[in-house]
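Then read on, and we'll go through it step by step.

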Amino acid sequence: MPRKKEKEEHHKVAQNSRRELLKLAGATVAVAAAAKLGLAGLEEVQAAGLTTTSPLPAPIGSALSASGAADVLIRMQQELILTLKKPRNERHWHMVIDLRKCVGCSACTIACISENKLPPGVVYRPVMDEEIGTYPNVTRRFTPRPCMQCDNPPCIQVCPVNATWKQKDGVVVTDYKRCIGCRYCIVACPYSARTFDFGATYNKGNPEASGIIVGQAKADDYERAPNFEYGKKWLRTKKADSPIGNVRKCQFCLHRVENGMLPTCVTTCIGRATYFGDANNPDNLVSDLVAKPNVMRLKEELGTEPSTYYLI
Amino acid sequence: MKYNKPRIAIWISIGIAMVIGAISVYNRFVHGLIITALGSYMPWGLWISQDIYFIGLSAGAFLISALVYVFGVKTLEPIGPLSLFTALIALITSLVHVWFDLGHLERFWHFYTSPNWGSLLNYIAWAYSVYFLLLLAELFLAMKQKIWTRLNRIYPPETAAKDKRYLKIIAIIGIPLAISFHGGVGAVFGVLVARPYWHVGLYPIYFLIAALASGAASLTFIVAFFLPKREDNQNMVYFLGRLTLGLLLFETFFLFVDYFQTLYQGIPPNQAAVKAVLGGTYWWAFWGIQIFMGTLVPIFILAYPRLSRRPSLVGIAGLLIIISFFLARMNLIYPALAVPEMEGLVTAFADPRLSFSYVPTLMEWGLSIGIMGFAGLLFLIGYDRLKLAER
């Protein structure tokens, strides 16, 4: 009815104008207050009741996510601390990678390189990026590929000098002091998980222009920094304690795990796609995930029994 | 020492080769394996293919010497010491190639101090060591009469008979040793489930047949061109030519069977390496050099009656086989590694050391040429000093 509608519109306009007036009034007060306190110190600001900070709303600040459950990293961290109380031969480290969550950012690749101070040519965890199908039915699949830490590893059988073996806790390790660099293990691995350290550098031979290239002096520090794989200090010099001339691979960040920290790829993953834990304990997150129906392992038909699982 | 023109040319070539080799050796020690074009996806390259080539040649030459010292084949008796010596030089060449290929060549003694008996590579390292000592012992016993004569020592017939018996025993021990270690080299590749191109049951036997063929071919070449041209030597060349022909046919049959079985069912990942050999970037190397120059032409020369009676042609056939075998061994190693184990790895991480293509660098060629030059030097010195051409 026209008259009612007119009345409503008039009412709305009036409401709006009242709102505007209040806003304007508030702004004026604030501006006046700010102008008065503009050049005042912190004490005056706090005395006036105005603060420069405010607490974050509770759900973001705590360890609870929006749904109220603990972040998986917190859970895995707690499980890791408990697992470390067990003797090594009762642990069996497993890694589960959820391919539905992986976005192919390769943050894990770079974090791993940074953690282990890897030189050019050595990569423990590349992320494979495959395009499947033809337009319009195209998809991309990202598959991070760390060492599978097989239970039946083809690589340790073939090492002529016993420089690599499987630890009781399931991790396949390499002795950098024993390896002769024959590279038979690289050839034997079905997953191309092992890489050889040729002694390449990032900064040697780069053009020198002191003062012009910002940070050049500092850039070398990365290569002079030791890495702490297997809990020992390795420097990239040509002496005995160098990983140059050896075969290297992912070791589930044992140097972190043994000190109560999750592997770097697990903590870095932006999609929380990588899980890590002891699969011998049925209460652990990885034990749940390994039992899921959509779990798979790479090249299952070869019988290598990887400890790295994928959720597809 | 003979100072004829071909000889001088050979000495000059050896000299140049060793100078080139010296430069590469220096770089290898100073810079390490970074001077190579190897990578983590193709970690074995020229030096390993040269290694398996020369060890095959050694095993083949040794097994032919066994024809003389165990089975008493009279026609080949004059070249018994020559074949042993060829086996020794080829073994040294092979071991030096492997030594330079190790990431830590100063740690090679770890084979002996921390051996993993389950590893075939360790087994063949030990077998090579025993074989080396065995070759030295056998060569000494075979040459003892000549050495004793030069030292003006008396060599009574009883000692000669006893030495002949020892020689036979050592040669008999050598046969299963050579078969096991060169079959073992084949098994080094054949046991790997990760590489379908190599995971073929007949690899140990294939390596043995190829070794015998290359050993026979190299002896044919040496006898045809290095020994004085007498009628009995010419008969020996003819015999060696027949032997080489038979072994070459056998080897070609094995190669055919291997490729045929792999290609038959049409499963792409398994076929990929074979297809790369037959029709990939280097198809011309396989068809032109390995098949035409290294198989068809020698078969024609060695089978056609008029040609097989001419020692120089038979010698050339041997040389063609030897040269093409270098390529055959490269065609064995590189294709298996050039096929990515997972397709996604090709683009997963970009780095020059993470590439699926491999072309040896000049330094790699230089080192191999230098080692071969050095082997040629040892061979010629031994050949002259030990008077291996004489009866």
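Let's start where the two chains touch: 40 residues of chain A and 36 residues of chain B take part in the contact. Keep in mind that this is a predicted model. On chain A's side, the elements that give two or more residues are β2 (127–132), α6 (154–158), α7 (184–188) and β6 (195–196). If you sort the residues on that side of chain A by class, you get 25 nonpolar, 11 polar and four charged.

Now move over to chain B and find helix α8, which runs over residues 231–264. How far does this helix of 34 residues reach from its first C-alpha to its last? The span is 49 Å, close to the 50 Å you'd expect at 1.5 Å a residue. Several residues of α8(B) are buried, among them B:M236, B:L240, B:L243, B:L247 and B:F254. B:E251 and B:T244 are also buried. And what covers the buried residues of α8(B)? The cover includes α7 (203–226), α10 (283–303), α11 (305–308) and α12 (311–338), which belong to chain B as well. Just past the end of α8(B), B:G266 takes a positive phi of about 70°.

Next, let's see how some helices of chain B sit against each other. Two packed helices are described by the angle between their axes and the distance between the axes. The contact of α2(B) with α3(B) is made up of 16 nonpolar, nine polar and two charged residues.

Helix α3 (residues 80–101) of chain B has another partner, α14 (residues 362–385) of chain B, and here the axes come within 10 Å and cross at roughly 155°. That angle is why α3(B) and α14(B) are roughly antiparallel to each other too. The crossing of α3(B) and α14(B) is right-handed. By class, the contact of α3(B) with α14(B) has 11 nonpolar, four polar and no charged residues.

Note on methods: Residues numbered from 1 in each chain as written. Chains lettered and ligands numbered in written order. Predicted model: local features only at pLDDT ≥ 70, side-chain atom pairs only at ≥ 80, totals over all residues. Contact = placed C-beta atoms within 7 Å. Helix = DSSP H or I, 4+ residues; strand = E, 2+ residues; numbered from the N terminus. Nonpolar A, V, L, I, M, F, W, Y, C, P; charged D, E, K, R; others polar. Expected span 1.5 Å × (residues − 1). Buried ≥ 20, exposed ≤ 12 C-beta atoms within 10 Å, placed from the backbone. Axes fitted to C-alpha atoms, helices over the stretch in contact; angles between N-to-C directions. Parallel < 35°, antiparallel > 145°, perpendicular 65-115°, else oblique. Left-handed = near helix turned anticlockwise from the far one by under 90°.
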